[in-house]
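Keep the 3D view open while you read.

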Amino acid sequence: MTRIFGVLGLVLVLYGALFASHDKAGEVGNLIDVANYQGQYGIITLGAALIIITGGIDLSIGSVVACGAVLFGVLMNRGVHPYLAVPVVVLFGACVGLVNGLLITRLRLQSFLVTLCGMFIFRGVARLLGDTVSMSRVAQAHPEFDGALRNIRYLLVGKSPTDGELLFPAQFVLLLVLAAVVGFFLHRTAYGRYWYAIGHSELAAKYAGVNVDRHRVVVYVACSSLAALVGVLLFLNSPSVQSDNAGLGWELYAILGAVLGGCSLKGGEGTAVGMVLGAMVLPIIESIVNFRGDKSDVIPAVVGVTLLIGTVVDELIRRRSRVHR
Amino acid sequence: MPTPRLAITSARKQFPGVLALDGVSLTLAPGEVLAVVGENGAGKSTLMKIVAGVYTPDAGEVLLNGELIRFPGPAEAIAAGVTLIHQELNLAENLTVTDNLFLGRELTRGGVLRTLDRRAMSERAVALLARVGLSEDRANVRVEGLPPGEKQLVEIARALGTQVRVLIMDEPTSSLTQKETEQLYKVIDALKADDVSVLYISHRLAEVKRVADRVTVLRDGKNAGELAKTEITHDNMVRLMVGRDLKQFYPKVHRTGTGGAAVLSVRDVRYARGPETPASFEVRAGEILGMAGLVGAGRTELSEAVFGVRALVAGGLLLNNESLRVRSPRDAINAGILLVPEDRRLHGLVLPESVGFNLSLPNLDRLTSLFGVKRRGEADLHSTWISRLRVKTPSAAQPVGLLSGGNQQKVVYGKWLARGPKVLILDEPTRGVDVGAKAEIYALIDELAGKGVAVWMITSDMEELLGMSDRVVVMHEGRVAGELAGTKLTEENVMRLATGGWNAEGEKG
């Protein structure tokens, strides 16, 4: 519980810093923009966090996002209707997760290694599928898809069907809906209990009759499906998507969001609310840097320093509370 | 009489909840092999660890060559010539034999860089290996590639490299073949000739007879007696190891007698990486079947095979005379076969989670509706079992790892009793449990058996075994060595079977 207040405090402080950084930073348009990115990162954070809770890790998230985005564009270029392409892309993600999960459980490979390989493999697959995809190209090739595509964009990203202006933070809404579903499973069902038990003590879970392997596979399938879905969002939200840099490094953003939100890399800890709050941190920092007029080159350094400070403060608080007990 | 190499007088060592050593004394002459024998928990290992500087005694003296010593740690003991070879060997498997022989005291050419003097080390390594009968081509082999017997010899060679005067060997032959054991005896004979004194701990009484000059027997942390070379016989040792009166601690109120029909039949079972000999026995309704055996006799492994943790490779199980396939703990649990494991902190409980979490974990399938886990049902389950088993906890939300051993154990019982067992497998049911909680657990087990549950109780605690069991199966080195009940169920007979001696009918077991 203290963990959630900690990250909530961090988010509030960062919003304060954002408002103070520039007159225009507090405008509704910018806040919606930030919220949209929070949604995008938040959805992969949910997936990464589920895996981290069971004691695993997924480094292939960013590449699966890229694959999802490019696959979505390529499918529509080849004449697959947008309404069909969305579920196909998510299904592709599920298959990736299934393969990851089976390699990790059946062959007893380490999740770090399997998904590190996946990171390279799916980046390569994305490049093989195509260099650049975009909504305008799809509209050129298949004008009949334009209307459906604009509707999906309005629904999932919040951009106006007519002029493409950002109307509301649809991605954040989507994050909240998905977080509610994840939270239900995590905190209200037997599945969540099993995931926590596996993360804390795989052996104790096994001796209590939990089908450890099956549950491990389930979380990998969930994570990669969410990553592929974010690929769709990325496609809809961007003028164009390049296969060699789309989603690059996002697995680390997702892992950071999860850890900020209270997941322990040792497994067994984390809450759905914490995941959402943890994922909100990074886009605020990016926006502050942009408004201060600093070169965007400094973003990685600022992000790193902020997170390091957060980690140190968190550890100090934790040590103090341990002494007091 | 010359000054003994080693003399211990009135050593005492208290652990939380147990008095491991209660005034033990022994002497060891130069070049002598003294065997220390006793039941599980008699205090052998504690005594050895005190000599080797792993533990410091609470009271009593240790004299080495007539000088009072108190080692701050194993490193000082080794420097003084006292080396303990653990049952689980302490070699760095990924390094070569030579590297291991000099680990921590590498020969260097000196200087700040401490560059290794490989030539000097390999020359000395060859000499050390020769003394334990290993050929010089072993020097550069990685330890992981050696058979267990040779690893043991490498440990001895390492001790020889430190000018060892007292060598302590804890169950040195437990993973050795007959041939490797013979080689070990030869090395021990050579050590004796070199005036090294050996403390030899073993469960295998036949070996003790072969190797020891003298035997000291421990019982309940006290000296139980001593045997000179000519007096060392299997019967003499067993007589000293056993023999004490059982307290009126063990209830037999709810059980009617010998039990009813067989509930679980284990038929010619062999499991993956287990012993060659198949195991067969049965557990009947309403009885407590005790399973005895020395540490490493394969009892826990057998129970894990029945519970679906280890894969069966031959034989099968019958539950109420119907064939039962168990491929995972889930299968066993669904069939009503429940296991209270030996290591509750590793296998029995998710320690960082709450009492309630652990009570619910295997029962969630019965507590779930369309809207997730039923909170009311869960709270009922928690309060029912916390109060019925008198678990001392501030609330169901308390992390289970913060409870005492006895209360942790009660939580393990609670999670299974909530399911209603047909067969309850108890592996060391009261290990690390204080006396008060022990009595409560015994009353509970008696009550369960009285209600018709088939209880299979694995225990290394002789009092518990004799006090609680209606019938006892004894295992020795992975096989069922015999079955005892009624008047034949005595401590002598159990120990005889467990140590590979003659069984109650006077036939070779």
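Let's start with a sheet in chain B of this predicted model. It is an open sheet of 4 strands, ordered β2-β1-β4-β5 (chain B), and the pairing is antiparallel. At the edges sit β2 (18-28) and β5 (67-69) of chain B, each of which pairs on one side only. Ignoring direction, neighbouring strands in this sheet are turned by 30° against each other on average.

Zoom in on one pair: strand β1 (residues 6-15) of chain B runs antiparallel to β2(B), and 8 bridges join them. Helix α1 (residues 44-51) of chain B lies across β1, β2 and β4 (59-64) of chain B, and runs at about 120° to β1(B).

Now zoom out to chain B as a whole. Its secondary structure comes to 18 helices and 22 strands. Here are some overall values:

| Property of chain B | Value |
|---|---|
| Span of the C-alpha trace along its principal axes | about 75 × 55 × 45 Å |
| Buried share of the 509 residues | 47% |
| Share of contacts with a separation of 6 or more that join residues 24 or more positions apart | 68% |

What radius of gyration would a compact globule with 509 residues have? It would be near 23 Å, and chain B has 25 Å, which agrees.

Where does chain B meet chain A? The contact takes 23 residues from chain B and 18 residues from chain A. On the side of chain B that touches chain A, the elements giving two or more residues are α10 (329-335), α11 (344-348), α12 (355-360), α13 (364-367) and β18 (372-373) of chain B. Sorted by class, that side of chain B has 14 nonpolar, 6 polar and 3 charged residues.

Last stop: a helix pair inside chain A. The axes of helix α4 (residues 82-106) of chain A and helix α7 (residues 146-156) of chain A come within 9 Å and cross at roughly 50°. So α4(A) is oblique to α7(A). Which residues do the touching? On the α4(A) side you'll find A:Pro82, A:Tyr83 and A:Val86, and they meet A:Ala148, A:Leu149 and A:Ile152 in α7(A).

Methods. Residues are numbered from 1 along each chain as its sequence is written. Chains are lettered from A and ligands numbered from 1 in the order in which they are written. This is a predicted model: local features need pLDDT of at least 70, side-chain atom pairs count only at pLDDT 80 or more; totals for chains, interfaces and linings use all residues. Two residues are in contact if their C-beta atoms, placed from the backbone, lie within 7 Å. Ala, Val, Leu, Ile, Met, Phe, Trp, Tyr, Cys and Pro count as nonpolar, Asp, Glu, Lys and Arg as charged, and the others, Gly among them, as polar. Axes are lines fitted to C-alpha atoms, for helices over the stretch in contact, and angles run from 0 to 180 degrees between N-to-C directions. Angles under 35 degrees count as roughly parallel, over 145 as roughly antiparallel, 65 to 115 as roughly perpendicular and the rest as oblique. Two strands pair if DSSP finds at least two bridges between them. The radius of gyration is taken over C-alpha atoms; the globule rule is 2.2 Å times the number of residues to the power 0.38. A residue is buried if 20 or more other C-beta atoms lie within 10 Å of its own, exposed if 12 or fewer, and partly exposed in between; C-beta atoms are placed from the backbone.
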